[in-house]
Amino acid sequence: MHRTVQYFGTINIKSKPTKTNSSILLETNKNMTSKGSFENNYEDYKSEIASNILNESRDGVSEKFQLKLQNFKAAKMHILLTQMEKDIFYDGTVYTGSAGLALYYFTSAWVKSEVNLDVLKTSLDYINIDTLKGRRISFLCGDAGPLALATVISYKMGTKRPECLPDYKTIANRLMSLISLINDSPDELLYGKAGYLYALLFVNKYINGKDTIPSSHIEQVIQSIFKSGKQFSTQMKSESPLLWQWHEKIYFGAAHGMAGILYMLLQARAYINIIDIRSFVKPTLDWLMNQRYPSGNFPSSLGSSSKDRLVQWCHGAPGFVPLCILAHQIFEEDKYLKIALQCGDVIWQRGLCTKGYSMCHGVSGNAYAFLQLYQATKKPNHLYRACCFMEWCALERPGTELHHPDRPASLFEGLVGRLYLAEDMSSNMESKFPGLCL
């Protein structure tokens, strides 16, 4: 006997009826796979199933689903700013701190090419650039994130900016001064040079035509990433012309590994010599693609002992989807899109993580892979799958978050990540994974 979940009132999921929270937890754990995910009992895409979830043209969510998203955001934002206010962590980072909420408001302020200055100003309430310590270089876990956000906000507000907020050029100079940390920083995205590169590209994207961050500065960061990649590859006698390590492991994923670094280099390709792209970046990319498991998933690191278990943004298939899609667009080779689609199937099968709903290592982060595949293919099955994962995150069934976040009000571990995803579900063609996609 099966029933239809009524939370969003639109998505069919097969589940046995239960009587108590404890029996729900027991049933949920029985359906847990041995690989760190719950069994996916959602029916896969069929046009008749999706009729209430997607609109008639199948290029966006339906009005009914949109209303449910709005209600979810309103209810959870109220909880965040009242009951969970004490959980907002002012550590100066986008990843676990209040700057993640600032990024949420920043992203919400944009409607097509127009910006809502009132919402933009609200984001400033969660940034304090005066308390930054200048110890880490990256966008997500360092000073570069708050400084990049403050730079763009200061520019967009112009003469309407608060007196306490310096001119955007002054803040941009502080951002550029972080390059003094580059020789002591790793190369990866979360803490290192790739994360710093994102911050620089972020500023130039939103302050278009001003060359706020000079090309020479961006090129210096790229060359540092190339240099360490070449040196470590030579040291390891690797077939890959570029190779990077973090904490003495050769990680592959988006957060700490080669997928994140290569993706950032490809996004910065305008600053890279085409010969270096062809001789170093592409062969490294192809070497990395050959490390896949037969299932289509990727190991967390070279010689990983965790086997084919992790399917989450930081480690595994989800972090490879944007890389493969961009590689397909740049090099025009179908193999990259094929791998991205295979990753999507892996995520659909094993992406309902037992760790919970987080952006970094949970279901909301995995949902972005489907949004990215939809943007690349325009096929509604990917958008439908994203809706299913959004519903899972919104419903919060008992027992579906076995590892509660240390920072429950944060962007990458907690509730703000789900709010960010819900916001992006409403503008699926413009959605961008925060701190990764430009």
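The model is predicted. The mean pLDDT of the protein chain is 92, with 92% of its residues at 70 or more. Residues 1–7 also have a pLDDT below 50, and this stretch has 21 contacts beyond near neighbours in sequence.

**Helix α3**

- Helix α3 covers residues 98–108, and ten of its eleven residues are buried, so the helix is largely enclosed by the rest of the structure.
- The buried residues are S98, A99, G100, L101, A102, L103, Y104, Y105, F106 and S108.
- Several helices pack against these buried residues: α2 (63–81), α4 (117–124), α5 (144–157), α7 (193–206) and α15 (415–425).
- The strand β1 (110–111) packs against the buried residues of α3 as well.
- In general, an α-helix has 3.6 residues a turn, so residues three or four places apart point the same way.

**Residue Q312**

- Q312 lies in a loop, with α10 (274–289) on one side and α11 (321–331) on the other.
- Is Q312 buried or exposed? Q312 has a relative accessible area of 4%, which is under the 20% cut-off, so Q312 counts as buried.
- Leaving out neighbours within four places in sequence, Q312 is in contact with P318, G319, C353, K355, C360, H361 and N366.
- With K355, one of these residues, Q312 also forms a polar contact of 3.4 Å between side chains.

How values were computed:
Residues are numbered from 1 along each chain as its sequence is written. This is a predicted model: local features need pLDDT of at least 70, side-chain atom pairs count only at pLDDT 80 or more; totals for chains, interfaces and linings use all residues. Side-chain values use heavy atoms; hydrogens and water are left out. Helices (H or I, at least four residues) and strands (E, at least two) are DSSP runs, numbered from the N terminus. Buried means under 20% relative accessible area, exposed over 50%, partly exposed in between (1.4 Å probe, protein chains only). A polar contact is a pair of N or O atoms within 3.5 Å; within protein, one must be able to donate a hydrogen and the other to accept it, and residues adjacent in sequence count only if both atoms are side-chain atoms. Contact means heavy atoms within 4.5 Å. pLDDT is the predictor's confidence in each residue, from 0 to 100.
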